[in-house]
Amino acid sequence: MTTDQLRALDKQYVWHPFTPMSGWMEGDPLVIVGGDGFHLIDSDGNRYLDGVSSLWCNVHGHRVPEIDAAIRAQLDKIAHSTLLGLANEPSILLADRLMRVVPSNLRKVFYSDAGATATEIAFKLAAQYWFNSGRPEKHEFIAFTEAYHGDTIGAMSIGRVPAFHKPYLPLLFKVHFAPTPHVYRWRSPSANTPLTSDEVKRQALVTLTDLLDRHHNTIAAICIEPVVQGAGGMIVQPAGFLAEVRRLATEYNTLLICDEVATGFGRTGRMFAVEHEGVQPDLMTVAKGLTGGYLPLAATFATQRIFDAFLGRPDEGKTFFHGHTYTGNPLACAAAIANLQLMEERAVVANVADNAPALAELLKPLLALPHVGDIRQMGYMVGIELVKDKATREPFDPALRVGHTVCQRMRGRGVIVRPIGDTIILMPPPAMRLDGLRALVGALSAELESCRL
Ligand SMILES: Cc1ncc(COP(=O)(O)O)c(C=O)c1O
């Protein structure tokens with residue numbers, strides 16, 4: 001089919017996620033037909049650097065021979081069989097492999113197929129853990145403002161990105177929100193000048209402690225995106241914040257859920273972001289990079305203590321009645337095993353850690369540009385916030401869609417990136433080397449220098 005025919009059919013039938021569809025219908029969408037290493041290839045043969053890892057999930061690039069071969073080999077055995085009442089080989093081998101890389105207190109894995117399902121499972125496990133332990137009143141949650149955990153009703157309840165969640169607010173269950181320690185955007189009634197990272201951390205922890213003081217008897221868990229809040233705009237938490245949240249969760253007898261869907265598998269320069277602060281969560285969720293960005297697979301990890309609370313005779317009602325048709329899908333598990341093996345063989349996590357300082361150096365000159373207000377980075381997770389007025393930090397009028405415009409124009413420079421509001425996100429695949437990072441930042445820099453905002 002020609003590009004025009006594909007575009008016409010797409011506009012006729014396909015409803016795109018997180019996409020204002022009237023603008024889409026008026027544009028000429030790129031139709032991706034291939035991939036090659038870190039590049040995407042469109043239906044006219046143009047190549048684009050995949051600057052957001054195909055929505056934060058790609059790890060080694062596209063068409064990786066080892067992962068392709070693992071999926072093909074599994075296809076020759078079986079594509080799918082259920083985990084309800086049966087086991088399957090790849091899900092067992094993957095569990096064994098995962099247990100060697102997750103924090104050592106996590107001993108059980110529950111599979112699903114998206115970040116949102118992994119977080120729903122964590123919330124349900126937390127609530128039922130207390131129910132099974134004779135504390136049914138502990139069924140509420142503490143989460144953080146601007147958190148994002150996915151788009152199902154439960155995941156939305158525990159997230160709060162106003163632009164995404166407003167229409168559904170009546171459907172969402174009650175959650176206590178603690179302020180996220182967003183240093184660049186922190187507003188303190190008593191301070192006119194910007195606060196230091198340490199002071200923002202202190203103030204955020206005071207509010208969290210106050211919430212726990214008042215509600216700890218009903219709190220099942222605190223849920224956090226560890227170290228970096230991704231979809232909220234790449235908000236990097238002050239150093240030590242996560243460790244303090246862990247300490248408070250223990251002190252007030254609530255569970256700690258760490259959502260590593262975005263941060264997991266090397267993206268922050270550690271296998272998991274919790275490692276930066278030596279934190280052991282009670283429940284942990286992963287998805288996106290688990291299969292190297294190949295197939296939908298997610299996992300929720302739990303401690304032995306949580307698992308044990310679900311044991312008992314069937315008539316005791318302690319079973320976790322939750323599952324999905326494709327839970328533990330063998331093709332996806334085979335891809336994940338190959339991904340983890342390659343990550344180890346090629347020292348992919350060390351690649352991110354080693355190149356992160358050089359990436360910071362490449363980004364530094366952007367801060368001198370007239371509309372670059374803030375650059376937030378942890379490993380290969382980068383947010384560049386564009387503002388109307390650098391002195392006052394006043395944002396652009398959202399109707400101008402400045403971030404969207406910059407990202408669309410970047411395509412002319414052979415780079416695919418996607419903004420969150422007016423924050424330009426760079427999320428290169430963890431296996432990318434310095435030459436790729438240079439090309440990515442170089443294109444953004446050239447675009448920001450040449451365009452009039
Ligand atoms: C921290 C976090 N949790 C959960 C999700 C939801 O993942 P999915 O889109 O696979 O449902 C995301 C997606 O961006 C995320 O960043």
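**View 1. Residue classes in the shell around the ligand.** By class, the shell holds seven nonpolar, five polar and two charged residues (Ala, Val, Leu, Ile, Met, Phe, Trp, Tyr, Cys and Pro count as nonpolar, Asp, Glu, Lys and Arg as charged, and the others, Gly among them, as polar). The model is predicted: local features need pLDDT of at least 70 and side-chain atom pairs pLDDT 80 or more, whereas totals for chains, interfaces and linings use all residues. Residues are numbered from 1 along each chain as its sequence is written. The ligand is surrounded by 14 residues, and Gly115, Ala116, Gly150, Val261 and Ala262 are the closest (near: C-beta atom, placed from the backbone, within 6 Å). Helix α6 (residues 115-132) supplies the largest share of this shell, three residues (helices, H or I, of at least four residues and strands, E, of at least two are DSSP runs, numbered from the N terminus).

**View 2. The open sheet of seven strands.** The strand order is β4-β12-β11-β10-β7-β5-β6, with mixed pairing (strands pair if DSSP finds at least two bridges between them). β4 (106-112) and β6 (175-178) stand at the edges with a single partner strand each, so one side of each is left without a neighbour in the sheet.

**View 3. Pairing of β7 with β10.** Strand β7 (residues 219-224) and strand β10 (residues 255-259) pair in the parallel sense over four bridges. Ile257 in β10 is the bridge partner of Cys223.
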